[in-house]
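Subject: Structure for you to look at

Hello,

Here is the structure I said I would pass on. Please open it beside this message and follow along; what was found in it comes below.

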Amino acid sequence: MATNRPRALVDPRAAQLLRHPGRFLLDVLKAFRANQGLLLAGAVAYYALLSVVPLLILTVIALSHLVDQGELLRTVGRYLELLVPGQSAAIVGELARFLAHRDVLGWVLLASMLFFSSLAFTVLENALSVIFHHRVAIRRRHFLVSAVIPYVYILSLGIGLLLVTLVAGSLQALGQQRVEFLWHSWSLGGISGALLYLLGFAGEVFVLTSVYLVMPVGRPSLQHALFGALAAALLWELSRQLLVWYFGTLSQIGAVYGSMTTAIAVLLSLELGASLLLFGAQVIAEYERLGHAAAQTPSPPFTTAAP
């Protein structure tokens, strides 16, 4: 007698990826090159450089009314090291100097900082529209939604920084404790440092996942967004370690650029980070095309209009 056996439900795209991972990676690289990913990353990095300091100033000024300013700056410096390795101390120093003269902050300066802090989000949305062009052809986003998204993100990042500051303070207090057992004493500093790093990495994955969920037109599944976020975050962790080693051993950037060294180093880090962020988006876009007829043909290249 024949029996009905339950069949495992396997995503055909995941099965195809597992069968041909090398081909999938090659397709991602070809599509990223066709979409001029490095050019898009340069635009995102430039506007991120204009946005990061005003955004941090606004966030720190707002949160300094709720938590200790010194603790807040230490938290910002710790997690800025994940974004701009080796250059966080210079940025935090500028933040501290601005906070010392916050009384000069007027409405015009406040409005201009709010505008500049939103530029990177707008450019990032446009860059992702190029990568997810198959969605844009089907569905377009209302311009008011695009105008509001950057400011909602700024508010969300401020709330996230507040929560991270509170948790990091608790973990630092934990690191000052010691465990006594059988006449031996062990410090919890190592555990505290590991937890702080994991907190930063988890926050990095969370932010990338939210970018892939919210910024592109349409919305991918949470599983796809998390897949792209993990790919981008792991690549960035490897690249960040290489940047720290490069700046500390081989780089002659200080001798070449002089007083512009910090800005150039930050721009280089943002360029690399933006490239990996867009590469993670390209991973999602190509994964969405797996198993469809469109996946059998290469993505149309992104080209500029003829003069």
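Helices (H or I, at least four residues) and strands (E, at least two) are DSSP runs, numbered from the N terminus. Counted in this way, the protein has 12 helices and two strands. Along the sequence the pattern reads α-α-α-α-α-α-α-α-β-β-α-α-α-α.

Before the details, two notes on the source. This is a predicted model, in which local features need pLDDT of at least 70 and side-chain atom pairs count only at pLDDT 80 or more, while totals for chains, interfaces and linings use all residues. Residues are numbered from 1 along each chain as its sequence is written, and side-chain values use heavy atoms, with hydrogens and water left out.

**The protein overall**

A residue is called buried under 20% relative accessible area, exposed over 50%, and partly exposed in between (1.4 Å probe, protein chains only). Of the 307 residues in the protein, 41% are buried. Accessible areas come from the Shrake-Rupley method with a 1.4 Å probe, and for residues only the protein chains shown count as cover. The accessible surface of the protein is about 17800 Å², and carbon and sulfur atoms hold 69% of that. A contact means heavy atoms within 4.5 Å. If you take the contacts between residues at least 6 apart in sequence, 77% of them join residues at least 24 apart.

**The cores**

In soluble globular proteins, nonpolar side chains tend to be buried together. A nonpolar core is here a set of buried Ala, Val, Leu, Ile, Met, Phe, Trp, Tyr and Cys residues joined through side-chain atoms within 4.5 Å. The largest such core has 40 residues, and those with the most contacts inside it are Leu124, Leu128, Val211, Tyr212, Met215 and Leu278. At least two residues of this core come from each of α2 (21–34), α3 (37–63), α6 (107–131), α8 (143–175), α9 (189–214), α10 (222–250) and α12 (261–289). With nine residues, α12 gives the most to this core. Another core lies apart from it, with 25 residues, among them Val60, Ile91, Met113 and Leu270.

What does leucine 278 touch, not counting residues up to four places away in sequence? The list is Phe32, Gly37, Leu40, Ala41, Leu124, Ala127, Leu128 and Ile131.

**The surface patch**

Patches are made of residues with over 30% relative accessible area and no salt bridge; like charges are joined within 9 Å, and nonpolar side chains (Val, Leu, Ile, Met, Phe, Trp, Tyr) within 5 Å. Tyr46, Leu50, Leu114, Phe115, Phe116 and Tyr151 make a nonpolar patch of about 530 Å². Two or more of its residues come from α3 and from α6, and α6 has the largest share, three residues. Phenylalanine 116 is in helix α6, and counts as partly exposed because its relative accessibility is 36%.

**The salt bridges**

A salt bridge is a side-chain nitrogen of Lys or Arg within 4 Å of a carboxyl oxygen of Asp or Glu. The structure holds two salt bridges.

- Arginine 74 pairs with glutamate 71, with the closest N and O atoms 2.9 Å apart. Both lie in helix α4 (residues 69–83), three residues apart, about one turn of the helix. Arginine 74 is partly exposed, at 46% relative accessibility, whereas glutamate 71 is buried, at 15%.
- Glutamate 237 pairs with arginine 240, and here the closest N and O atoms are 2.9 Å apart. About one helical turn separates them, because they are three residues apart in helix α10. Glutamate 237 and arginine 240 are buried.

Leaving aside its neighbours within four places in sequence, tyrosine 197 is in contact with Glu237 and Arg240. Tyrosine 197 lies in helix α9 and is partly exposed, with a relative accessible area of 40%.

A polar atom of its side chain lies 2.7 Å from the backbone oxygen of valine 205. Not counting residues up to four places away in sequence, threonine 209 touches Leu222, Ala225, Leu226 and Ala229.

Valine 207 also has its place in helix α9, and is partly exposed at 32% relative accessibility. Apart from neighbours within four places in sequence, valine 207 is in contact with Tyr153 and Leu157.

Regards

Key. Polar contact = N/O pair within 3.5 Å; in protein donor to acceptor, adjacent residues only side chain to side chain.
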